[in-house]
Structures are given as C-alpha cells and as structure tokens.
Amino acid sequence: MEGAPGVGKSTTAGFLDGEISPSIYEGDLHIDLTNGNLSWEAICDLDFRICMTLHATGKQALFVGGVHPHDLTDSPETRYFSGIERCALVCDDADLEERLRERSMAQEGIDFMLDVNRWYRERGADRNIEVINTTTADPDTIAQRVRTWLEKNGNR
C-alpha cells in the first residue's frame, strides 16, 4: 500500500492491524532510525529485503510506505518476488496540501508530494495499481476497501 505522505496509509494500516493475514510492514517507521545515513535507493532495497524475509518465513507482507511510483518497479530487489500487487491511497490536492502543512513540510516537499499524488491519481490505474481516494471516505471505509483489494488478490 503506497502513496504520498499524508494520504492515510498509516491510519489505514492501524485499522487493518490484526485483521488481515499478511504481516503489515510499515516502511516509513525505519526512515527516522537511519538518521539520513542511507540513500533513498538503499532504503527501498531494505524495504524489499524485509518483505522478502517475511515471505521466506511463510508470511505474506503488506508493505506500507511512501514511495515514488517508479521505486518499486525499478528496484533490482523485485527479482525475489513472483508478483507484486499494488494499491495506492490518494486524496485531492487541497486536502493533501493541508495535511502536509499540518506536518510542517516545506513547500518544496509539498510540491513534490502533490506531483507524486497526481501521478497515482492520473496514471495508477493504467499501471494496474488499485487506486483508493481517501478524500471523503472515513478510515473504516478505506480499510474495508483495502481488505477487499487484498481478498481479490488472494490475500486473506
């Protein structure tokens, strides 16, 4: 489950925790721990390796993270997976901008995240990414839509 910061990924993951069989791995949580010592590429590779380790122990993983759309498909770490199903949470630009301002994000970062969010909204479905708009839906409804997406893709 991917998307720009502020679209509701962590909130949705909280509503799903303990209710779905894939292990939820929230990649954003370890970014603070690296303290800027890892490149974005190294962080993405780490995310894939953690999901690979979960898979090797017989668990499916629901990766939750704010990634650029191409970071997933361009990573050499994808070679360890027979398939990757993708779901992106998005919201309207005005709502995302407000949410990011509440997090004290700089305007440059806001502009970049708006572009990422627009990419998912406008092109995600064309790339076989399930796109769920969180603008007007409550967290329970969003979590149910993600559960439905997981079930559709063979994850319970």
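Is Arg118 buried, exposed or partly exposed? Arg118 is partly exposed, at a relative accessible area of 28%. Buried means under 20% relative accessible area, exposed means over 50%, and partly exposed is in between, with a 1.4 Å probe and protein chains only.

A word on the model. It is predicted: local features need pLDDT of at least 70, side-chain atom pairs count only at pLDDT 80 or more, and totals for chains, interfaces and linings use all residues. Residues are numbered from 1 along each chain as its sequence is written, and side-chain values use heavy atoms, with hydrogens and water left out.

Back to Arg118. It forms a salt bridge with Asp93, with 2.8 Å between the closest N and O atoms. Arg118 sits in helix α6 (residues 107–123) and Asp93 in helix α5 (residues 93–102), so this pair ties together parts 25 residues apart in sequence. A salt bridge here is a side-chain nitrogen of Lys or Arg within 4 Å of a carboxyl oxygen of Asp or Glu. Helices (H or I, at least four residues) and strands (E, at least two) are DSSP runs, numbered from the N terminus.

Arg118 also forms a salt bridge with Asp115, at 2.9 Å between the closest N and O atoms. Those two are three residues apart in helix α6, so about one helical turn separates them. An α-helix has 3.6 residues a turn, so residues three or four places apart point the same way. Asp115 is partly exposed, at 46% relative accessibility. Salt bridges with shared partners join Asp93, Asp115, Arg118 and Arg121 into one network.

How many salt bridges does the structure hold? Six. Another of them pairs the side chains of Arg86 and Glu2, at 2.7 Å, N to O. This pair links distant parts of the chain: Arg86 is in strand β3 (residues 86–90), Glu2 is in the segment before α1, and they are 84 residues apart. Arg86 is buried, at 10% relative accessible area. Glu2 is buried too, at 2%.

Next, Lys9. It lies in helix α1 (residues 9–16). Lys9 is buried, with a relative accessible area of 4%. Beyond its neighbours within four places in sequence, its contacts (heavy atoms within 4.5 Å) include Glu2, Asp28, Val64 and Leu89.

Last, helix α3. It covers residues 40–56, 17 residues in total. From first C-alpha to last it reaches 24 Å, close to the 24 Å expected at 1.5 Å a residue. That expected span is 1.5 Å times one less than the number of residues. The buried residues of α3 are Ile43, Cys44, Asp45, Asp47, Phe48 and Cys51. Just after α3, Gly58 takes a positive phi of about 90°.
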